[in-house]
Amino acid sequence: MRCSVFPVIAVICGLMAMWYIAVVPMNIKMALTDAERSGMVVTPSGAKERRDRSAILLVAQNPFAIKATFSLERPRLPAPHQVAIELWNSTVNKKITSKRSLIFHGWITLSATLLGFAIGTGLGTLLAVGIVYSRAMDMSVMPWAIASQTIPILAIAPMIIVVLNSIGVQGLLPKAIISAYLSFFPVVVGMVKGLRSPDHMQLDLLKTYSANSSQGFWKLRLPSSMPYLFASLKIGIAASLVGAIVGELPTGAVRGLGARLLSGSYYGQTIQIWSALLGAAFLAAALVAIIGLAQRITLKRMGMA
Amino acid sequence: MTLVILALFIWLAAWFLNVYLANTSASDSRWMKLLVPAIFGFTILIVWELVVRGLKVPLVILPPPSLIAETFLAKLPILWKDFVQTFVKGALSGYFIGCTAAVALAVLVERFDFLRRGLLPVGNFVAALPIIGTAPILVMWFGFDWHSKAAVVVVMVFFPMLVNTVAGLGETTAMQRDLMKTYGADPWQAFIKLRLPAAMPFIFNGLKISTTLALIGAIVAEFFGSPTLGMGFRISASIGQLALDMVWAEIVVAALAGSAFYGAVSIIEKGVTFWHPSQRG
């Protein structure tokens with residue numbers, strides 16, 4: 001892993017460079033319109049004339065406007081440093097309780113994600129235990145659990161929010177239910193695989209020790225399912241976050257990262273959308289990294305890594 | 001109340017029937033493996049219907065399955081138009097563009113070890129991010145029609161596909177590559193006859209993950225703005241009118257489309273990777 005640090009940095013730098021280059025043609029028309037309004041000579045003149053021209057041609061004809069494309073107020077594509085400044089302003093320079101603070105909105109989303117993730121993981125593990133120990137449950141439920149992964153369950157998120165809203169349940173819980181729902185199935189499928197991973201030899205050995213089935217569960221099945229559990233937890237937490245963000249859309253853009261995305265798209269605040277997006281990305285990365293760390297520590301202590 | 005008690009009885013009876021069926025000696029047969037989950041599914045539908053009718057649950061909270069089926073059949077023309085707009089135009093075109101682009105880039109990247117080592121961790125990282133959040137930006141760039149939905153789908157399927165293909169193309173062993181060299185195969189032949197076939201299980205894994213992502217992307221992108229048709233539009237509009245039977249009918253369409261799409265890719269996979277141990281079992 002250590003030897004790939006340099007290539008990773010090179011790839012990230014390459015992506016950044018591509019982003020900066022893309023900013024110029026994406027924003028050139030808007031920058032030229034602004035320049036014309038402030039009295040500069042633009043070829044060709046008139047926004048109507050320029051509408052159907054190719055952006056690259058316009059850049060070549062008006063090289064003086066390139067600088068302006070990086071500092072527009074509502075650009076089509078904000079430059080990386082604009083997003084970074086907005087991120088800095090909305091996290092460090094704002095009070096955490098302020099409605100303009102990204103940390104405030106991030107916390108709203110994070111709390112729903114974590115609550116939902118805990119519920120989904122708990123129920124998923126319970127169902128997996130049921131499936132492993134009861135053949136009837138295995139045969140009835142398992143095909144549906146697998147089939148449900150091919151269904152876009154995210155589509156019912158708005159309905160859950162509105163229905164729960166109409167019976168008076170608001171705030172954290174509806175979003176958490178969506179998160180739980182999304183993280184539930186990966187955990188079920190992963191845990192069933194994990195709890196079944198001990199082979200016959202190991203199960204037979206426990207029988208020769210005359211272990212009863214609860215001892216077999218705690219001493220063999222549960223420990224050997226850990227690698228599978230962590231693999232599905234990583235998928236589950238990412239899915240939970242997506243669920244919480246989408247769950248914030250239909251309530252009309254009040255609080256949370258999803259609400260920042262939606263209100264940004266209503267009012268054309270592109271920099272706000274991008275900073276909310278990057279905020280969500282950091283959150284997802286941090287959550288997955290925490291689970292990865294827990295995985296490494298747990299497996300090491302169990303002698304599996 | 002009698003309906004609720006009836007539902008309870010049906011639930012218990014079906015449960016005992018399934019326990020009995022699962023523990024008979026014939027439980028490993030193919031029919032049993034279809035029958036038991038089918039009984040389970042039907043029981044849920046019947047219990048749902050009876051409980052909703054028995055407790056008189058308002059339609060704006062949970063409509064009974066019979067009403068959903070009725071709406072589904074009655075509104076078939078609208079549902080079909082939504083399906084074409086969202087699935088055929090948005091999801092499918094985005095799926096093809098995204099998967100083709102990802103495989104093409106993976107083939108290019110695979111030639112350079114430096115790029116592969118750099119791109120794989122970045123791709124893995126991006127694949128775990130909530131990419132669906134780019135939907136408002138892409139809707140702003142490409143307009144309200146299906147083009148923006150296809151763009152969201154392209155971005156969503158690109159990274160899982162890229163990571164899987166790159167991983168798959170690296171799957172050959174040194175032994176196999178040496179064998180190709182002893183045959184005097186040029187790099188192109190080695191790619192077509194060895195690397196690409198060896199990568200197929202991974203590529204199809206990516207293709208299968210992407211089917212669900214494509215449908216999710218196309219539907220959720222419509223929540224950020226769409227013409228007055230499409231599955232996502234219909235879902236959010238029907239929720240506004242509290243017409244939950246229509247929402248559920250749309251969800252049925254989404255479920256059917258998702259399963260059929262996944263099934264179709266699986267069938268192609270079976271044909272292409274017939275040699276792989278997981279397909280011979």
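Predicted model: local features only at pLDDT ≥ 70, side-chain atom pairs only at ≥ 80, totals over all residues.
A polar contact is a pair of N or O atoms within 3.5 Å, one able to donate a hydrogen and the other to accept it within protein.

**Within chain A**

Select residues 2-76 of chain A as domain 1, then residues 102-301 as domain 2. The C-alpha centres of these two domains of chain A are 41 Å apart. Their contact draws 6 residues from domain 1 of chain A and 6 residues from domain 2 of chain A. About 430 Å² is buried between the two domains of chain A, with 51% of it on carbon and sulfur atoms.

Next, display A:Trp19, A:Arg74 and A:Pro75, which lose the most area on the domain 1 side and together make up 79% of what that side buries. Across this interface the rule finds 1 residue pair in polar contact, both at pLDDT 80 or more, and 0 salt bridges. The domain 1 side that touches domain 2 of chain A comprises 3 nonpolar, no polar and 3 charged residues.

**Between chains A and B**

Now show both chains: 53 residues of chain A contact 52 residues of chain B. The two chains bury about 4300 Å² between them, and carbon and sulfur atoms give 84% of that area. Select A:Met139, A:Thr150 and A:Met159, which supply 14% of the area chain A buries against chain B, more than any other three residues.

Between chain A and chain B there are 4 residue pairs in polar contact (both at pLDDT 80 or more). Finally, colour helix H13 (270-301) of chain A; H13(A) gives the most to the side touching chain B, with 9 residues. By class, that side of chain A holds 42 nonpolar, 9 polar and 2 charged residues.

Methods:
Residues numbered from 1 in each chain as written. Chains lettered and ligands numbered in written order. Heavy atoms only, no water. Domains from an automatic or database assignment. Contact = heavy atoms within 4.5 Å. Buried area = accessible area lost by both parts, 1.4 Å probe. Salt bridge = Lys/Arg side-chain N within 4 Å of Asp/Glu carboxyl O. Polar contact = N/O pair within 3.5 Å; in protein donor to acceptor, adjacent residues only side chain to side chain. Nonpolar A, V, L, I, M, F, W, Y, C, P; charged D, E, K, R; others polar. Helix = DSSP H or I, 4+ residues; strand = E, 2+ residues; numbered from the N terminus.
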